[in-house]
Amino acid sequence: MGLASTGAKTAMSILTAFTFFALASIPAPISLMNNIEGRIDTLLHQMSIEEKLGQMSQVALPDQVTPEFKDAVRKGKYGSVYGWGSPKVRAELQKLSIEESRLKIPLIIGQDVIHGYTTGFPIPLAQAATWDPALIKEGARATAKEATQDGIHWTFSPMIDIARDPRWGRIAEGYGEDPILTSKMGVATIEGYQSPSLAAPDSLAACAKHYVGYGAAEAGRDYNSTWIPEGLLRDVYLKPFEAATKAGVATLMSAFNAINGVPASANPFTLRQVLRNEWRFDGFVVSDYMSVHELIAHGVAVDGADAARKAIDAGVDMEMVSDDYLKHGAQLLAEKKLDIRMIDEAVRCILRIKFRMGLFDGRHQSVPDHDLLPTEEVKSIGRKLAGDSHVLLKNDDNALPLTSSVKTVAVIGSLANSPSDQLGTWANADAKHSITPLASLESRMGKENVFYASGQVPEEGQKDNVENRILSKSHHGFLEALAAAQKADVVLVFLGESSGLSGEASCRSDINLPGSQAELVSELVKSGKPLIGIIMAGRPLIFHETAAKLSAVLYVWQGGTMAGPAIVDTLFGDIVPSGKLPVTFPQSVGQVPLYYDHLNTGRPPALTGPASEDRFRSKYLDVTFTPEYPFGFGLSYSKFTYSNGSMTSPVLHNLGTVAFSADITNAGKFAASEIVQFYTHQIAATVARPVRELKDFQKIHLEPGETKNVIFQLEASELGFHNSHMKLVTEPGHFEAWIAPDSASGIKFNFELAKA
Ligand code: NOJ
């Protein structure tokens, strides 16, 4: 093709891009001003088919970087490496790419940096419990700075899968069950990684995953099929991804699961129709690990070539780790089973992100000359994140905070002293930097005043590690634990799950406290001492009967490097717990899935529970239908009252807003923060609407005795949903709203949405 036609093509794509941004009424990105599209055109024109397929391929860094591997990099065989290697190796490969490959196209180096890097932060589910997007953003910014120092460009985070089944181990990695909370947390994370701009040398390109529906895995079993009606897909599961694309996320990852029979990594509806046509996403999509090749096992591709064709056609731009694009792409093109325009479009999206990141323009590839260490600054962010994620579930007779009359404590449970388990799943941080609760208590109270006994021993013949102690049914450690309890003023019982029991491929059908932990608590009751339960876990656990034996229950998730100091801060009241649950806690595994924004049914259950005489209602005979703790729930050492609800008008007009407000008073003795939530419910519409939907929330800080008037502005568009024709509509009618401390209570309002 001659120069003139290249120029014409360039002009066309710029024009197309400008039209696209004008239509989407979002500002044209700086990239266009820098003529990124023109630079891509020039490259596309020069690239061979093999080099294009190379850009579309991500290779896992081999254990040994052989001369053959280096040669493949020189030949432009890979556009990206999935790099668990050392910064030195990453830099060496990048140098080869930039200096010795024919077209000098840089690699994009990706790694899972999920919750902290050098400094481990709380698992994402814990971070969601802070309900504090500004803090989440600060954490992600700090993480980006740490990871980029190690030569990483791109993280496979945030996971913004809605999860409503605590059996699913990956619930730990997301922000819970609600689309609004997840959207806000996901956007904050993306903004933290990608600020001040993608081109900044310490900015980390984000990857919103897993697109889409992965969290709806049937029966809570990882990778399982999902069945999600389109309305629910759009109103719940897609919502955080739409928010992520609006926030400028660089990349998305196509999920492992099938949605209504069509695998997410070969799904033209979600990848082309929704993502590209409706949302105008112009970054790139990477598959999940081998999910292109797995199309064969799904039963939608006959072989690798077919898998490559289906994934490329559907809009998966880059293949992670499997190599069907590389192996079969050229042949598919030769046989006209693939259109070169599909390939060019995919390569364009990948190169666009590489340009935006400044990879072509001398972005410095960092190679630290020493192992990076957690800094005081980042540790203090980690400590705050961990402390603010604590959810106080029970506090009889103000058992917490511990007062100065508590001179000695017994610390029971191996999780109190497990540097690696407190890091949670997908941890990058080195456990040797973890400060455990036991170490923190000893340093606060003096070693001689802390009596530690794990109370747990592995089963006969099992290796002695924390996971085996947690899972063990043995009672062998009980006597020692009871003896420690008897010597102390207060007993701190660390309960929960080791880190390997949640996360990817760590699903459990029984989510009661594992092993003999419930019996251990029963044994400790014999001491007659106040028992404080501190639960470390990557998911909601069930501990109904155990909770009744504990004076206080503090849910601390897996809090990262600084979990120990943060727990001690909360136990002694240096910080007052303000976390609220980002996910419903069931009372029994038989209730799962259980989430707050369910529909009412024609026979809503009566609140009297199973003993009710009102038999033919939507409930169980053997357990109540209500959760143990509802979504949004969390206590404080202080006490908040909600009063004086008012609204600016009982009628909301289509283009207007109504402000709802309430006075929140700190009626307790501690300065404390409260997360105030705002919910709505449409009483009748053409399709049934959830009994409550979170619309917004605010975290406020109040001194004892202080009152603040909290205002929520509601616009009609926030009441929209997809009707049975899959049209996004708002329907006039009657509504309820609540300003509430959780999803099961609050001050109630009634209002009307007027006809347009
Ligand atoms: C599989 C996981 O599903 C995904 O979340 C992760 O980013 C990739 N493996 C890469 O490690």
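**Figure 1. Surroundings of Phe 360 in the predicted model.** Once its neighbours within four places in sequence are left aside, Phe 360 is in contact (heavy atoms within 4.5 Å) with Arg 39, Leu 43, Lys 104, Ile 105, Pro 106, Leu 351, Lys 354 and Phe 355. Phe 360 sits in the loop between helix H16 (340-356) and helix H17 (376-389), where helices (H or I, at least four residues) and strands (E, at least two) are DSSP runs, numbered from the N terminus. From Phe 360 to Asn 644 there are 284 residues in sequence and 58 Å in space, taken C-alpha to C-alpha. This is a predicted model, in which local features need pLDDT of at least 70 and side-chain atom pairs count only at pLDDT 80 or more, while totals for chains, interfaces and linings use all residues. Residues are numbered from 1 along each chain as its sequence is written, and side-chain values use heavy atoms, with hydrogens and water left out.

**Figure 2. Residues around the ligand.** For polar contacts, which are pairs of N or O atoms within 3.5 Å, the side chain of Asp 112 has an N or O atom 2.5 Å from an oxygen atom of the ligand. The side chain of Arg 170 likewise places an N or O atom 2.6 Å from a ligand oxygen atom, and a polar side-chain atom of His 210 is 2.6 Å from an oxygen atom of the ligand.

Figure 3. Strand S1 (residues 57-60) runs parallel to strand S2 (residues 80-82) and is joined to S2 by three bridges, with Ala 60 opposite Tyr 82 in S2. S1 also pairs with S10 in the parallel sense, over two bridges, and here Ser 57 stands opposite Glu 319 in S10.

**Figure 4. The open sheet of six strands.** Here the pairing is mixed, and the strand order is S11-S16-S15-S14-S12-S13. Strand S11 (391-395) and strand S13 (450-453) are the edge strands, each pairing on one side only. From one strand to the next the twist averages 15°. Within this view, strand S15 (residues 531-536) and strand S16 (residues 552-555) form a parallel pair over four bridges, in which Gly 533 is opposite Val 553 in S16.

**Figure 5. Helices H12 and H14.** The axes of helix H12 (residues 268-278) and helix H14 (residues 304-314) come within 8 Å and cross at roughly 25°; axes are lines fitted to C-alpha atoms, for helices over the stretch in contact, and angles run from 0 to 180 degrees between N-to-C directions. That angle makes H12 roughly parallel to H14, a description used for angles under 35 degrees. Pro 268, Leu 271 and Arg 272 in H12 meet Ile 312, Asp 313 and Ala 314 in H14.

Terms used
Parallel < 35°, antiparallel > 145°, perpendicular 65-115°, else oblique. Pairing = 2+ DSSP bridges. Polar contact = N/O pair within 3.5 Å; in protein donor to acceptor, adjacent residues only side chain to side chain.
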